[in-house]
Amino acid sequence: MRRYIGYREFVQRDQRSLVGLALLLTGSHEQAIRLALRAFHTVGLNWPPPLWENPTTHAQIALYRRFLQRPSSAGSTALVRLPPRQRVLVVACLHDGRSRGEMATLLSLPLATVEAEITEAVSTLTKGNEGRLVARLATAAGEASVPDLTARAMRTLRRRRNRGALLTTAAALVPISLIAGFILFQSGEVWWNSALGEQNHPLSTRDPETMQVLPAPTEAAGPQPWRAPKTSAVIRYAVPGRCPGEVLPAVDDSATAAAVEITCAGWTLNLISSGDADDSSPDAKACEGQDRCESTVNVPDAAQQLANGAAGDDPQLDPTISLDGRRIAYLSAAERRYVAYDLRSGMKRYLSPVLVPADTENGTLVSVSADGRHFTVTLGRRQLRTDFLTGALTPLPAAQVSAAEKTSDWLRRQYPVWKDAPSGRFSAAVGTEKTSPGKSQSLHIINTASRKVIKRLPLPSPGEPTMAEVVSWLNNREVVVKMTDKTGSDLLGFFRVNAVTGQTHRVAGLPDNDPIVLGAGTAL
């Protein structure tokens with residue numbers, strides 16, 4: 001029963017409130033206890049709950065639905081004389097505190113119908129005094145006599161689990177028995193026909209006109225979830241593909257109609273490999289025996305833009321790549337949730353639930369720790385952190401947020417583009433101050449805790465007006481900067497800048513793409 005750790009405590013904590021809720025609906029203690037146990041059982045079947053799901057809410061909704069499936073009532077109170085659906089709406093909205101809109105969605109009703117039924121119930125029960133009805137409901141629910149239900153809830157769950165295991169075993173044995181019987185029957189038929197001197201004619205000799213033509217399977221619309229190649233290669237950089245500019249459909253059943261909309265997806269990874277014999281990347285054979293070989297892999301479901309806001313203002317989404325270039329994380333356009341992959345093992349981890357528009361209203365991104373183990377997904381003010389090795393997903397308390405994350409709003413006001421160091425202690429951005437003709441811009445290194453610029457490092461000066469933009473940190477000491485001419489149309493080069501000494505080195509072989517996401521620093 002290790003899977004059900006925490007379930008007993010959940011039942012002990014919520015049994016009184018849930019039985020009180022059921023008592024309001026049924027009017028009978030016996031029926032209320034039975035209804036509450038069924039609701040607990042519904043939650044237990046899916047235990048442990050996902051991190052983003054509240055088991056109390058799940059139990060309450062399960063109780064509503066179970067009651068509406070088989071409504072019952074006892075006693076002579078005015079509340080239990082209401083129709084079952086109206087009773088549920090009154091209890092859910094005036095006792096549980098659920099919104100009218102939430103119940104309209106839950107019961108697939110127009111909002112106006114929900115409002116009308118609640119207003120009618122309040123008028124019937126308390127002559128329109130909603131506050132008095134709320135107080136009456138609280139008093140009635142508090143009078144519930146609740147025995148300890150934990151033992152019964154655990155026993156029911158254990159019995160149903162054992163029954164499910166038996167049914168699963170039986171379901172597996174039935175097709176095996178049928179197949180074995182068919183094979184034995186065929187063998188007996190061949191032997192019997194042979195004894196009679198007859199021959200069995202193969203099915204392929206049938207008239208072609210009588211054979212059924214099966215339609216070819218159609219390909220699913222939209223990008224499919226990526227299957228990472230199991231490879232020893234590392235990611236050097238990632239660049240986006242072309243955007244069609246239309247909303248892409250999701251292919252995963254869990255990505256419901258309410259999920260966030262994505263208008264563009266597709267990134268191309270540039271891989272560097274050493275020609276290992278065990279490499280299974282698409283171009284591995286061409287690289288076999290070479291000390292350094294480049295290949296490309298397409299990630300069709302890596303999102304580029306969200307459908308949010310006016311045309312042309314759709315938020316840009318970039319994947320994140322670990323510093324060693326072996327792991328990548330992004331928002332999947334196929335599954336509408338953040339995913340991460342390890343190229344060496346091919347392992348996949350989910351980093352978030354399916355996103356809804358509210359998750360992205362205030363921005364969303366994914367980042368990775370310096371060691372590549374922990375991925376952090378930002379959904380507005382909420383942050384989820386996943387340990388890639390164990391798959392454990394936990395909400396990030398405000399006390400654990402890095403200084404760079406706390407300073408992001410201030411940085412956004414000061415600089416159009418900035419990048420945080422892997423340690424979270426520093427950020428890098430190109431200064432916005434005006435420069436005299438012939439002089440280059442400077443790279444600002446900001447202490448995120450104090451919000452002070454601790455270094456202003458001069459960037460390479462080609463003798464003409466230039467524009468510069470920070471691309472990424474390669475490690476906690478080096479920053480990559482992209483430089484173009486003043487119009488931004490001609491690439492002058494990528495440069496590695498030492499954030500401590502200010503030394504610069506040109507980086508060769510990077511394409512003129514905007515955006516570009518860098519991977520392994522050793523591959524540059």
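User: Happy to dig in! Which residue in β13 does aspartate 420 stand opposite?

Analyst: Aspartate 420 stands opposite serine 427. A word on the source: this is a predicted model, in which local features need pLDDT of at least 70, side-chain atom pairs count only at pLDDT 80 or more, and totals for chains, interfaces and linings use all residues. Residues are numbered from 1 along each chain as its sequence is written, and side-chain values use heavy atoms, with hydrogens and water left out.

User: What makes β12 and β13 a pair?

Analyst: Strands pair if DSSP finds at least two bridges between them. β12 and strand β13 (residues 426-430) have two bridges, in the antiparallel sense, so they meet the rule. Strands here are DSSP runs of E with at least two residues, while helices are runs of H or I with at least four, numbered from the N terminus.

User: Why do β12 and β15 count as edges?

Analyst: Their open sheet has the order β12-β13-β14-β15, with antiparallel pairing. β12 (419-420) and β15 (452-458) each have a single partner strand, so one side of each is left without a neighbour in the sheet.

User: How many bridges join β1 to β2?

Analyst: Six bridges join strand β1 (residues 234-240) to strand β2 (residues 262-273), and the two run antiparallel. Among the bridge partners are isoleucine 235 and, in β2, leucine 271. These strands belong to an open sheet in the order β3-β2-β1-β20.

User: Why are α3 and α4 called roughly antiparallel?

Analyst: Helix α3 (residues 55-69) and helix α4 (residues 84-95) pack at about 165°, with axes 10 Å apart. Angles under 35 degrees count as roughly parallel, over 145 as roughly antiparallel, 65 to 115 as roughly perpendicular and the rest as oblique. The helices are therefore roughly antiparallel to each other.

User: Which residues of α3 and α4 meet?

Analyst: With contact meaning heavy atoms within 4.5 Å, Tyr64, Phe67 and Leu68 in α3 meet Pro84, Arg85, Arg87, Val88 and Ala92 in α4.

User: Why is the pair of phenylalanine 375 and phenylalanine 388 called tilted?

Analyst: Rings of Phe, Tyr and Trp (its six-membered ring) pair if their centres lie within 6.5 Å; planes under 30 degrees apart count as stacked, over 60 as edge-to-face and the rest as tilted. The count comes to seven aromatic pairs. For phenylalanine 375 and phenylalanine 388, the centres are 6.0 Å apart and the planes at 55°, so the pair is tilted.

Notes: Axes fitted to C-alpha atoms, helices over the stretch in contact; angles between N-to-C directions.
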